[in-house]
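Hi,

Here is the structure you asked about.

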Amino acid sequence: MASFPHYVKLNNGAHMPIIGLGTWQAKAGELEAAVETAIEYGYRHIDTAWAYMNEKDIGNALKKVFDAGKLKREDIFVVSKPTDGDALFPRKDGKPVIDYEADLVDTWKGMEDAVDAGMTKAIGLSNFNSEQIKRIYENARIKPANLQVECHAYLPQVKLFELCKELNITFTAYGPLGNPSLSIVLKENFGIDAVLPNLLKDTSIQAIAERNQKTPAQILLRWLIQRGIIVIPKSSKPIRIKENFEIYDFNLSEEEVNQINALDKNIRLFKYDWMEDHPNFPFKIPF
């Protein structure tokens, strides 16, 4: 079996671990332990965001690890997403308050300033379409190092991934397992009743998992990293955190890869419908 790199090289020369711990919707009382567990199992990449409201918990967990002398700060790759303002999804008269004047290039120049100031080592994009990516790339003094978007077997993002490879932009898949708990999150947080497909129960994935003596989640993650795509599966359960990292000891055959490729349904689970009238809404074009 051929060895597989555990890192993806960014355009600034840095190495980004190809498996990270996703933390969106992780419960505050469980997150610190989850981060510590992930690091014990070998994770060196933690994904977060200001909007997740969990950066402090992650910081506390990392401080414990550093203070114990287990790792140094430079050993951990942390991805976050800043925001402009103090309120999380501000609303007025029951409706979201949306800035319709924001310019993506101006925002990018502010992120370049953050690199110049030593506040971050690399900057990237999330939920951008092909036209938006090219606009940023053509106007950037510091080119985007990474794109993070929804990507899984039902939405493989083939054309978007190819564009990023052409531009030397690495690619991160959020929701790599299809986010089986998303319908619960939508109901509890937004009152939305949604019946969503469950990739983990797809019979093709289950058959490949049985054949390889792996879990469906491990098959889905392995399929992505074999494409060279970074994955950030979320879990707070130690057994799942461990399993999600144990995907280096097997390869999917060409036949199995093609079987998973054939599952493409162009299904987007994270729709962001409440922003669809914004001029920068990214999902108005095919990719």
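**Core, cysteines and rings**

The largest nonpolar core has 69 residues, of which V35, I133, L147, F171 and I260 touch the most other members. Helix α8 (residues 216–226) gives the most to this core: seven residues. A nonpolar core here is a set of buried Ala, Val, Leu, Ile, Met, Phe, Trp, Tyr and Cys residues joined through side-chain atoms within 4.5 Å. Buried means under 20% relative accessible area, exposed over 50%, partly exposed in between (1.4 Å probe, protein chains only). Helices (H or I, at least four residues) and strands (E, at least two) are DSSP runs, numbered from the N terminus.

This is a predicted model: local features need pLDDT of at least 70, side-chain atom pairs count only at pLDDT 80 or more, and totals for chains, interfaces and linings use all residues. Residues are numbered from 1 along each chain as its sequence is written, and side-chain values use heavy atoms, with hydrogens and water left out.

Cysteines next. There are zero disulfides (cysteine sulfur pairs within 2.5 Å). C151 is buried at 0% relative accessibility. C164 is buried, also with 0%.

Now the rings. The whole structure has seven aromatic pairs (ring centres within 6.5 Å, using the six-membered ring of Trp; planes under 30 degrees apart are stacked, over 60 edge-to-face, the rest tilted). W24 and F270 pair edge-to-face, with centres 5.8 Å apart and planes at 65 degrees. They are 246 residues apart in the chain. W24 is partly exposed at 27%, while F270 is buried at 9%. W24, Y174 and F270 form one aromatic cluster.

Best wishes
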